[in-house]
Amino acid sequence: MPRSKNLIPGAVLTAFFTALALISFVYTPHDHTTVDIVNRFRKPLGGDFLLGTDHFGRDILSMIMVGARISIAVAVVAVGVGMVAGVPIGLAAAANKGGILDELIMRVNDLVFAFPSLVIAILITAVFGPGAFNAIIAIGIFNIPVFARLTRGAALSLWQRDYILAARVAGKGPVRISAEHILPNIANLLIVQGTTQFSLGIIAEAGLSYVGLGTQPPAPSWGRMLADSQTMILFAPHMALFPGLAIVFTVLGLNLMGDALRDILDPRIRRDAR
Amino acid sequence: MTFLRSVTTAAAVLLAGSALAKSNLTIAIQLEPPHLDPTSAAAGAIDSVLYSNVFEGLTRFASDGSVIPGLARSWEISENGLTYTFKLVEGAKFHDGTALTADDVKFSLDRARAEDSTNAQKALFSLIASVDVIDAATVRVTLSAPNGNFLFNMAWGDAVILAPESIEGIRQTPIGTGAFRFSKWVQGDRIELVRNDDYWGDAPALDAVTFRFISDPTAAFAAMMAEDIDAFAGFPAPETLPQFEADPRFNVIVGSTEGETILSINNKMPPLNNVNIRKAIAHAIDRQAIIDGAMFGLGTPIGTHFAPHNPAYVDLTGNSRYDPELARQLLAEAGFADGFTTTLKLPPPSYARRGGEIIAAQLRAVGIKTEISNLEWAQWLEEVFRGKDYGLTIVSHTEPFDIGIYARPEYYFQYDNADFRRLIADLNLEADPEKRAAMLATAQTMISEDYVNGYLFQLATPTVAKAGIKGLWKDAPTQATDLTGVSWE
């Protein structure tokens, strides 16, 4: 299948960073919070520290591993929040097509959509205080309309199908139809969209941490590592290089995988290919 | 006159391309003032822009911290030390054209010490019993008790002389007697000053000055490297100083400040109200690691709330030497063998943000867990300074000679010690230098042995300036960026 040539590199990259995150629970080369001023600005590949140390003498590899855990956790939960809240909203809107509920849901969605997502996130964390939890909520909230809209659009076309009509004739209510007949048939779309949103979530977490509103120290975060290294980039470029590469390759991996999954799972594309 | 000036300007323009000295200066500082009245706010940024440049007091600080005559050309002190008769300088005029008279002095001092005064340092004026106008150029201040610090107090930015006719709009349009006139404030960006051609003293070499506000270390580094600014006073990225030192386009001047940088402890919040817990915190901290890690080596360790360059300073760093074993033991004795959790709220400067991460790691090593939150200045003032809702915080106290804040139980770290209050009250009445030094030593020892706060280091102030700028202050004896003596080579 030439269409899914993205699958292997995407899956490998994603698996690599997921593995880093999981390994960090049981093993990191050094304690990622240990401050050791004497050993600061160690260059990569020299001695004890594979990727060097930062301005406090902390091991960058350990920080990237634990940072992967935090980035992935924030993105997973945020996408989860978006799905759990957005999918039922979209199903309800589709079931109520043209009704007041549908109008209300979609207009509120438009409103949330109209704000740039990172600005909403900054607003939320500025009001409720910075921290990983509020970052999750913030990123989760702008995921809601994405899933609501996707669900509604996909569900609307399904509502026209004969088997839905049959289910209605059989006396099933809109809630049961949505849950038993619509949802299973749009699950593949949600998975594809989820992968894309997941990579956006990683970027959003890094962005929030970069401006100081995401994960708070001492928990490491790729975004904050970048922010910390800014003024030192001329004499300690490795401090910026490795967290930067980690973000790039994680997002690249997820996007490649999202593309590949879309090729495999999306019924519209599959039909075209035939 | 106008003709002559335009000729000289034209000549200056013609020659500007060649070696003729530049006559304007763009200098950056970290913080923007909230408004422009130095007599009604604690914000040091106001003085950073206006002190000596726009506003002057009866006396003033010189660059070495000594007190020299300002608007008072001379003074006589009575035998009993209670009355000060000030002779004002001749020809001093406010920027709106009105002359400086003894009435303005009386107005300013009475306003500062009034019941409803909003002056941030009211204590400076508390001993003034009355202010009397003798004639237009002479004013007599009578104290209720002798005060060895009175001339020093009058040099503060909070004691500058204002005119009653311009007090209304002072927060937006400051009108003083200084060598520069306020010209324009573009909020969020810059304040512009121009030379006051009617200045009573020596005319400044610069004819226009722009203050820019850049708090972000990266932006500060970029602006300086690109030469968007001519100088940066209080440069926020100490890690980049070696690059500026190596670059022939720039000079780096590292001076000392009056900024005692401390780990402030909320003395009323359990378990921090226990002196042994505070002592444990003090012993858990490795000052040198903080100075190296957060300030890249800039700063002098301190063991009490007093500037090391002051002759009365006592080195008490031994009271809180780095000893994590002892810290653990003290915690165990106090019933916190497993440690405890408290908050660590950090304002924006890099000494606080970076120092905070290092201190958090050091405290974690003895079992004290901290929840770090990074706050903006407005939030910090609200939550920590006014709200007292914090366990630990890091801040630099930049006022000169400010050990007296420990005599204020309502002050944000809430140290409540009647003996210390009595000592400071006695100190304020004492004029004999030797006795004062002895009392100051007692005061320093008292707060050091009570472990009121974690005393970290005396803040250094790096100034980065383009080569060719002369006359910038090296040290910062008060919050000021005095540009009256600055010129280009």
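Author: In α8(B), the buried residues are Arg287(B), Ala289(B), Ile290(B), Ile291(B), Gly293(B), Ala294(B) and Met295(B). Buried means 20 or more other C-beta atoms, placed from the backbone, within 10 Å of a residue's own. Helix α8 of chain B runs over residues 287-295. Seven of its nine residues are buried, so α8(B) is largely enclosed by the rest of the structure. Helices (H or I, at least four residues) and strands (E, at least two) are DSSP runs, numbered from the N terminus.

This is a predicted model: local features need pLDDT of at least 70, side-chain atom pairs count only at pLDDT 80 or more, and totals for chains, interfaces and linings use all residues. Residues are numbered from 1 along each chain as its sequence is written, while chains are lettered from A and ligands numbered from 1 in the order written.

What covers α8(B)? Its buried residues lie under a cover that includes β13 (300-301), α10 (350-365) and β17 (454-466) of chain B. Phe296(B) follows α8(B). The phi of Phe296(B) is positive, near 55°.

Now a helix pair in chain B. Helix α7 (residues 275-284) and helix α9 (residues 324-333) of chain B have axes that come within 8 Å. The axes of α7(B) and α9(B) cross at roughly 160°. That makes α7(B) roughly antiparallel to α9(B), a label for angles over 145 degrees. The crossing of α7(B) and α9(B) is left-handed. From α7(B), the contact uses Asn276(B), Ile277(B), Lys279(B), Ala280(B), His283(B) and Ala284(B). From α9(B) come Pro324(B), Leu326(B), Ala327(B), Leu330(B), Leu331(B) and Glu333(B). Contact means C-beta atoms within 7 Å. By class, this contact of α7(B) with α9(B) holds eight nonpolar, two polar and two charged residues. Asp, Glu, Lys and Arg are charged; Ala, Val, Leu, Ile, Met, Phe, Trp, Tyr, Cys and Pro are nonpolar; the others, Gly among them, are polar.

Next, the domains. The assignment for chain B gives domain 1 (59-165) and domain 2 (259-459). Taken over C-alpha atoms, the centres of domain 1 and domain 2 of chain B are 33 Å apart. Domain 1 of chain B puts eight residues into their contact, and domain 2 of chain B puts in seven. On the side of domain 1 of chain B that touches domain 2 of chain B, three residues are nonpolar, five are polar and none is charged.

One residue deserves a stop. Ala112(B) sits in helix α3 (residues 102-113) of chain B. It has 21 C-beta neighbours inside 10 Å, so Ala112(B) counts as buried. Beyond its neighbours within four places in sequence, Ala112(B) is in contact with Thr39(B), Ser117(B), Asn119(B), Phe125(B) and Ala159(B). Asp158(B) is 46 residues away from Ala112(B) along the chain. The C-alpha atoms of Ala112(B) and Asp158(B) are separated by 8.3 Å.

Last, chain A. Chain A has 10 helices and zero strands. Its C-alpha trace spans about 75 × 45 × 30 Å along the principal axes. Of the 274 residues of chain A, 48% count as buried. Among contacts in chain A with a separation of 6 or more, 71% come from residues 24 or more positions apart. The contact between the chains takes 17 residues from chain A and 18 residues from chain B. The side of chain A that touches chain B has eight nonpolar, eight polar and one charged.

Methods
Axes fitted to C-alpha atoms, helices over the stretch in contact; angles between N-to-C directions. Parallel < 35°, antiparallel > 145°, perpendicular 65-115°, else oblique. Left-handed = near helix turned anticlockwise from the far one by under 90°. Contact = placed C-beta atoms within 7 Å. Domains from an automatic or database assignment. Buried ≥ 20, exposed ≤ 12 C-beta atoms within 10 Å, placed from the backbone.
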